[in-house]
Amino acid sequence: MPTRPLSDYLAEIDGADRTGLEALRVQWLGRHGSLTAALRELGTLGPKERRTAGQELNALKQAVEERLLARQRQLQAQALSSRLDNERVDLSLPGEPVALGHPHPLAVTQERLVSTFVAMGFAMAVGPEVEDDWHNFEALNFPPDHPARDMQDSFALADGGWLLRTHTSPVQIRAMQQAAPGPLRIIAPGRVYRRDDDATHASTFHQIEALVIDRGVSMAHLKATLKTFARALFGADVPLRFRPSYFPFTEPSAELDIGCLFCQQAGCAICKLSGWLEVLGSGMVHPKVLQAGGYDPERMTGFAFGLGIERIAMLYYQIPDIRLMLQGDLRFLSQF
Ligand code: FA5
């Protein structure tokens, strides 16, 4: 039977470090430990003695176990606090630099264009990217099988009648249907899709549609609006060319070219040696289109145009290939 008083055990525990503590636990309470052996020996005593000795021994064992656990926690807490002391955070160290993003050049261009038009009194309108044939073509005076449909080779959806819109002009029809017979002055920026792919033609690109309908709107208003916008963006000296063109939904029609800023109009691969880059199509709204939108063409007239945002961004930032704007390459994007 162990005869050592409890205070001896406790003193040894309190003086032990982490490894010493484990050694004491094995020495006393392990399979061959002294207290384990003493407890086993209880069986050899007579019933009366066994009860008294058993109570004492179990109380001793429990007190030792509790102190072992308490000391273990104390040592753990000490270890943690000394680690924290050694690892003190130095707030004077400079931080890790955070890479900041910025808006895409296309988004900046769109924002610049939109605010120019909003300042001129245009309101914003939107339309769906998945369109029906009627809004994208028929209401815009492209009858079925009309050869002008080939000018905008489309991505048609399999279930017939639906397509990814090839231009923002279908928003004209939707806006007219809401505003007729009243006046209208809207811009509609958005994504459009065509089966195109070269340095100045992307398969996914962005346009801004503009539409003005009122009494007495004329080609002079259209020209003045286009001049104002081009000069606001590129400066008063920008060379502009208003060139006759054809669209089924405008009559007469014209395209606006801006003098090529890549070669100062000397002729290069981007302007295909012409010195000019086409940025938009425009014209006076065709009477049939006014009717499809719910207007009386005898009372109201209007002009419309649709400009390519990528083309404007190419000119503004001198980006030689339109596809760079769709690739998400940081070597390109971080230059802006
Ligand atoms: C149209 O899309 C007509 N809806 C524009 C219009 C609106 C005319 C209202 C009259 C009245 P066009 O196909 O020319 O027209 O395209 C207009 C502009 O979009 C072009 O001048 C060009 O800047 C741009 N664009 C056309 N195709 C592409 C393409 N694949 N990639 C990038 N920009 C393009």
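**Ligand shell.** I sorted the residues of the shell around the ligand by type: nine are nonpolar, twelve polar and six charged. The model is predicted, and I read every entry below with that in mind. The shell holds 27 residues, and the closest to the ligand are H167, S169, R194, D196 and E278.

I then looked up side-chain atoms facing the ligand. For S169, I found a polar side-chain atom 2.8 Å from a ligand nitrogen. For D196, a polar side-chain atom lies 2.9 Å from a nitrogen atom of the ligand. R194 places a polar side-chain atom 2.8 Å from an oxygen atom of the ligand.

**Pocket.** Where does the ligand sit? I found it in the largest pocket. I listed the elements that give two or more residues to the shell around the ligand: β6 (204-214), β8 (250-259), β9 (276-285) and β10 (301-308). Which element gives the most to this shell? It is β9, with five residues.

**Seven-stranded sheet.** I next traced the sheet that contains these strands. It is open, has mixed pairing, and runs in the order β1-β5-β6-β10-β9-β8-β7. The edge strands are β1 (123-124) and β7 (240-247), each of which pairs on one side only.

I looked at both ends of this sheet. At one end, β1 pairs with β5 (184-193) in the parallel sense, over two bridges. I noted M124 there, whose bridge partner in β5 is I187. At the other end, β7 and β8 pair in the antiparallel sense over seven bridges. These two strands form a hairpin, with two residues between them. I noted that F247 stands opposite T250 of β8.

**Three-stranded sheet.** I found a further open sheet, of three strands in the order β2-β4-β3, with antiparallel pairing. Why is one side of β2 and of β3 left without a neighbour in the sheet? β2 (130-132) and β3 (155-156) stand at the edges and each has a single partner strand, so one side of each has no neighbour in the sheet. I followed β2 to its partner β4 (162-164), where the two pair in the antiparallel sense over three bridges. Within that pairing, I recorded L163 in β4 as the bridge partner of E131.

The bond from A180 to P181 is cis, with omega near 5 degrees. P181 lies in the loop between α7 (170-179) and β5. A cis peptide bond also joins E251 and P252, with omega about -5 degrees.

I placed D145 in the loop between α6 (133-136) and β3.

Terms used:
Residues numbered from 1 in each chain as written. Predicted model: local features only at pLDDT ≥ 70, side-chain atom pairs only at ≥ 80, totals over all residues. Heavy atoms only, no water. Near = heavy atom within 4 Å. Polar contact = N/O pair within 3.5 Å; in protein donor to acceptor, adjacent residues only side chain to side chain. 1 Å grid on protein atoms, 1.4 Å probe; cavity = no way out; pocket = protein on both sides within 12 Å on 5 of 7 lines; lining within 4 Å. Sits in = over half its atoms within 2 Å of the grid points. Helix = DSSP H or I, 4+ residues; strand = E, 2+ residues; numbered from the N terminus. Nonpolar A, V, L, I, M, F, W, Y, C, P; charged D, E, K, R; others polar. Pairing = 2+ DSSP bridges.
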